[in-house]
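Trainee: I've got a model open on my screen and I'd like to learn how to read it. Can you walk me through it, feature by feature?

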Amino acid sequence: MDRFAIYVTQHKPIVIMSKSAIPAPVLSELQRQLNHELTAAHAYQALSLWCAARTLKGFAAFFAKQAGEEREHAEKIMDHLLDRGVQPELAALPQPAQAFASLLAVAQQARTMEQANTRGINAVFEAALAAKDYPAQVLMHWFINEQVEEEAWCAELIDRVESSTCAGSLSDLDRHIVKLLAGDEKD
Ligand SMILES: [Fe+2]
Ligand SMILES: [Fe+2]
């Protein structure tokens with residue numbers, strides 16, 4: 001089973017306003033995805049700690065920033081649910097991967113996570129399409145775009161780490177990684 005697709009609601013959704021018009025399959029996907037985003041935040045924090053423990057401060061800062069962004073993504077979905085009269089339901093988060101053989105393995109882990117996240121976003125969108133839930137479709141447009149960026153920086157990160165083989169090039173990369181991959185133009 002997909003490690004990041006572990007959240008399936010077992011309970012009836014908590015609807016705080018009877019006007020909630022979220023179709024049940026869409027609601028269930030949104031709940032799953034918001035917990036998936038929190039899981040991603042937790043997992044990026046672990047990547048950041050791995051880097052910090054090896055004095056790769058640039059990479060640590062970069063992954064910490066990603067953790068913050070994933071939390072913001074979860075909050076976007078929470079706000080959407082609240083606006084539509086549903087109390088978001090938080091799940092227990094799985095322990096993230098924390099032991100890696102190399103920085104390249106860390107970068108590959110980031111890409112695996114983003115690919116899983118893209119599948120999660122697509123699943124929400126497909127449910128919203130099937131149910132003709134237009135507000136959820138529009139919300140997911142933002143996420144679909146975001147995933148294009150997220151997968152692009154992962155590919156770039158892997159490329160840059162792979163080509164940093166000579167002495168000193170990894171610490172040069174570490175010094176510049178936040179600027180290279182997370183400049184102000186990107187969020
Ligand atoms: Fe995300
Ligand atoms: Fe992401």
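Predicted model: local features only at pLDDT ≥ 70, side-chain atom pairs only at ≥ 80, totals over all residues.

Trainee: Which residues of α2 and α5 meet?

Mentor: On the α2 side you'll find K57, G58, F59, A61 and F62, and they meet D174, R175, H176, I177, V178 and L181 of α5. By type, the residues of this contact are six nonpolar, two polar and three charged.

Trainee: Let me step back for a moment. How many helices and strands does the protein have, and in what order do the elements run?

Mentor: There are five helices and two strands. Starting from the N terminus, the order is β-α-α-β-α-α-α. To see how the chain comes back on itself, take the contacts between residues at least 6 apart in sequence: 79% of them join residues at least 24 apart.

Trainee: What about α1 and α3: at roughly what angle do their axes cross?

Mentor: Roughly 170°, and the axes come within 9 Å. Anything over 145 degrees counts as roughly antiparallel, so that is how α1 lies relative to α3.

Trainee: How do I read the nonpolar core, and which residues have the most contacts inside it?

Mentor: The general idea is that in soluble globular proteins, nonpolar side chains tend to be buried together. Here the largest nonpolar core has 40 residues, and L30, L47, C51, F59 and V124 have the most contacts inside it. Two or more residues come from each of α1, α2, α3 and α4, with α1 giving the largest share, twelve residues. As for the whole protein, 33% of its 187 residues count as buried.

Trainee: Now α4. What should its 29 residues span?

Mentor: Helix α4 covers residues 134–162, and at 1.5 Å a residue it should span 42 Å; the end C-alpha atoms are 42 Å apart, so the two agree. Its buried residues are A136, M140, F143, E150, C154, L157 and V161. What covers them includes α1 (24–52), α3 (103–130) and α5.

Trainee: Last one: what should I make of a positive phi?

Mentor: Most residues other than glycine have a negative phi. That makes a positive value something to look up when you meet one. In this model, T55 has a phi near 50°, and K132 has one near 55°.

Trainee: Where do T55 and K132 lie?

Mentor: Both are in loops: T55 is found between α1 and α2, and K132 lies between α3 and α4.

How values were computed: Residues numbered from 1 in each chain as written. Chains lettered and ligands numbered in written order. Contact = placed C-beta atoms within 7 Å. Helix = DSSP H or I, 4+ residues; strand = E, 2+ residues; numbered from the N terminus. Nonpolar A, V, L, I, M, F, W, Y, C, P; charged D, E, K, R; others polar. Expected span 1.5 Å × (residues − 1). Buried ≥ 20, exposed ≤ 12 C-beta atoms within 10 Å, placed from the backbone. Core = buried A, V, L, I, M, F, W, Y, C linked by C-beta atoms within 7 Å. Axes fitted to C-alpha atoms, helices over the stretch in contact; angles between N-to-C directions. Parallel < 35°, antiparallel > 145°, perpendicular 65-115°, else oblique.
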